[in-house]
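Okay, quick one from me today.

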Amino acid sequence: MLFWFLRILKILTFRRILNLIQIEISYRLGLIFKNLQPWGKPISISIEPTTSCNLQCPECPSGLRAFSRPTGQIEMATLQKIMEQLHRQLMYVTFYFQGEPLLVKAFPEMVKYIKNHRILVATSTNGHFLNAEMAMKLVESGLDRLIISLDGTDEATYTLYRRNGEFDRVIQNIKTMVETKRKAKSSSPWIELQFIVFGHNEHQIDEIKNLARSLQVDQLSLKTAQIYSFEQGSPLIPSKQEFSRYAKNEEGNYQIKSKLPNHCHRSWNTAVVTWDGDWVPCCFDKDAQYRFGNLHKDTVAQIKNKVPYRNFLTQIRRDRKQIDICRNCTEGMR
């Protein structure tokens, strides 16, 4: 679409295009030569603002307060270390991972800092802290994409998953965000309403489409849910197969619909950096089990040359099913 085409054009540089080519060529060669490592640096990364959250969603480590790693918030010094090493190659920053980003008071200033490096920035929020002041700060920050989660079209359905959530408050905050952007005559952020399809809300798919139109958001996304204990089934798994990551096998148990091929483009061109600087492979490593290094002690080049990093990528191309976080991953979904 035109919005994203124009945004991408503005951030393209020779160095970023060259890095993209290096990544893509090395990825294709890596399918043949299993020990080959990525050429170049990540095209995109996820940066975690915080592990704290106001909600208690049952399939979220933040909501369950189930992390084995520390809870905290990112500091500007950590963000600066990331940008110092990667900004020349980076094209896209997903400024969220676990937790609620808008709990970080300096979040808009941090977005602005990333945007000063001509990088596309997205974030995702549960919408509870998206008041008039925050909405204006996000518009002024230059944020490119704002995902707002709304997994129900009424209070009763919404709070079945978004526990401790306030449906009416989120609806009002979405309206505030849309109106703030309109009054500022700004094309950004692109406002995306996200509806995770569960067994208890799949009957509201038509209703959420109507609600999204009435709220005048830019886009509605219907997202499949990741379920941790899915093998014996779960009431969270929807009956509509097109909205489920899981299907029954011949034994009557559930399994992920991904074929789990022995390759993963995501592991090749992106990474996740936790709030305290740990470098982990992807967004499926929510508890940072696979820590390849820490940017407060290691450079990106040093991390890429470490044995754990190299072994992890080699294992993906030899037998990906042996990596636990890969066994519930959508990469390779059919």
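Phenylalanine 3 is buried, at 13% relative accessible area, where buried means under 20%, exposed over 50% and partly exposed in between, using a 1.4 Å probe and protein chains only. Keep in mind this is a predicted model: local features need pLDDT of at least 70, side-chain atom pairs count only at pLDDT 80 or more, and totals for chains, interfaces and linings use all residues. Residues are numbered from 1 along each chain as its sequence is written, and side-chain values use heavy atoms, with hydrogens and water left out.

So, how many aromatic pairs do we get? The count is 10, with Phe, Tyr and Trp rings (six-membered ring for Trp) pairing if their centres lie within 6.5 Å; planes under 30 degrees apart are stacked, over 60 edge-to-face, the rest tilted. Phenylalanine 3 and tryptophan 190 have ring centres 5.1 Å apart and planes at 35 degrees, so that pair is tilted. Phenylalanine 3 is in helix H1 (residues 2-11) and tryptophan 190 in strand S5 (residues 190-197), so the pair ties together parts 187 residues apart in sequence. Those elements are DSSP runs numbered from the N terminus: helices are H or I, at least four residues, and strands are E, at least two. Tryptophan 190 is buried too, also at 13%.

Next, tyrosine 27 and tryptophan 268: edge-to-face, 5.9 Å centre to centre, 65 degrees between planes. Tyrosine 27 is buried at 6%, and tryptophan 268 at 4%.

Last one: Tyr290, Phe292, Tyr309 and Phe312 form one aromatic cluster.
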